[in-house]
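Please take a look at the structure shown here. The report below walks through its aromatic rings and its sheet.

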Amino acid sequence: TSKEVEDFIIGEQKAKLQYTAPDRHCAPAEKAVQTYKSTFKSILASLPKHFPLAYWCRLLTQTDLSVNIVRPNRQNPLLSAWASMEGEFHFESTPIAPPGSQMLMQVKPENRRTFGLNAKKAWYTGPCLNHYRAFKGVMPSTGGERISDTVKFQHHAINIPTLTPADRILEATRQLQ
């Protein structure tokens, strides 16, 4: 029950308890909850139309990262909240992408048949914090989560720029000058 939990947290841990005034929602914890909710709602709003909302809970790792990497630590404002709890975040070794993006995940040769597909469709759910340059994705065919280091993203709203033949000709003439 909540009374037993409260007794454990306050009594045995010798934690100090301080109440805020009724209906006052400016306590630091309340602001943190508002920030987390706003971040998560914006992530949900930016998902592709076809992303299965049943997988919302798999987006929480990246939400935690997004919130805490920009929030300063209270004891040392020069550090982010993430750096103080988890250590410095290195984007080079743990890349991130827009949550819910469609991607193709490579199926390694030892895990596929001779004429099997080289990649399968997946939804990006977040970075693999314990793996080097790996991504987590949910396979729509099974609903299971898979980790891969070789992926190709396809964002639902942002087109990847490509060079047209005219662009190539212009660049070649610039290089000749």
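## Rings and strands

Phe51, Tyr55 and Trp123 form one aromatic cluster. The model is a predicted one. In total, the structure holds six aromatic pairs. A pair of aromatic rings is described by the distance of the centres and the angle of the planes. Two of the pairs are set out here.

| Pair | Centre to centre | Angle between planes | Type |
|---|---|---|---|
| Phe40 and Trp56 | 6.1 Å | 65 degrees | edge-to-face |
| Phe135 and Phe153 | 5.3 Å | 80 degrees | edge-to-face |

Why does the pair of Phe40 and Trp56 count as edge-to-face? Planes over 60 degrees apart get that label, and these planes stand at 65 degrees.

Where do the partners sit? Phe40 lies in helix 2 (residues 28-45), while Trp56 lies in the loop between helix 2 and helix 3. The pair therefore ties together parts that are 16 residues apart in sequence. Phe40 counts as buried, because its relative accessibility is 13% and the limit for buried is under 20%. Trp56 is partly exposed, at 42%.

The other pair belongs to the sheet. Phe135 lies in strand 3 and Phe153 in strand 5, so this pair ties together parts that are 18 residues apart in sequence. Phe135 is buried at 10% relative accessibility. Phe153 has a relative accessible area of 25% and is partly exposed.

In what order do the five strands of the open sheet run? The order is 4-3-2-1-5, with antiparallel pairing. Strand 4 (145-148) and strand 5 (151-154) are the edge strands, and each pairs on one side only. On average, neighbouring strands are turned by 45 degrees against each other, direction ignored.

Helix 3 (residues 60-70) packs on this sheet. The helix touches strand 2 (119-127) and strand 3, and its direction makes about 40 degrees with that of strand 2.

Now go through the pairings. Strand 3 (residues 135-138) and strand 4 are antiparallel, with four bridges. Here Lys136 stands opposite Ile147. Four bridges also join strand 2 to strand 3. Trp123 has Val138 in strand 3 as its bridge partner. Trp123 is also one of the residues in the aromatic cluster. Strand 1 (residues 102-106) pairs with strand 2 over five bridges, and Gln106 stands opposite Ala119.

### A positive phi

Most residues other than glycine have a negative phi. Arg133 has a positive phi, near 50 degrees. Arg133 is found in the loop between strand 2 and strand 3. With 37% relative accessibility, Arg133 counts as partly exposed.

How values were computed: Residues are numbered from 1 along each chain as its sequence is written. This is a predicted model: local features need pLDDT of at least 70, side-chain atom pairs count only at pLDDT 80 or more; totals for chains, interfaces and linings use all residues. Side-chain values use heavy atoms; hydrogens and water are left out. Two strands pair if DSSP finds at least two bridges between them. Helices (H or I, at least four residues) and strands (E, at least two) are DSSP runs, numbered from the N terminus. Axes are lines fitted to C-alpha atoms, for helices over the stretch in contact, and angles run from 0 to 180 degrees between N-to-C directions. Contact means heavy atoms within 4.5 Å. Buried means under 20% relative accessible area, exposed over 50%, partly exposed in between (1.4 Å probe, protein chains only). Rings of Phe, Tyr and Trp (its six-membered ring) pair if their centres lie within 6.5 Å; planes under 30 degrees apart count as stacked, over 60 as edge-to-face and the rest as tilted.
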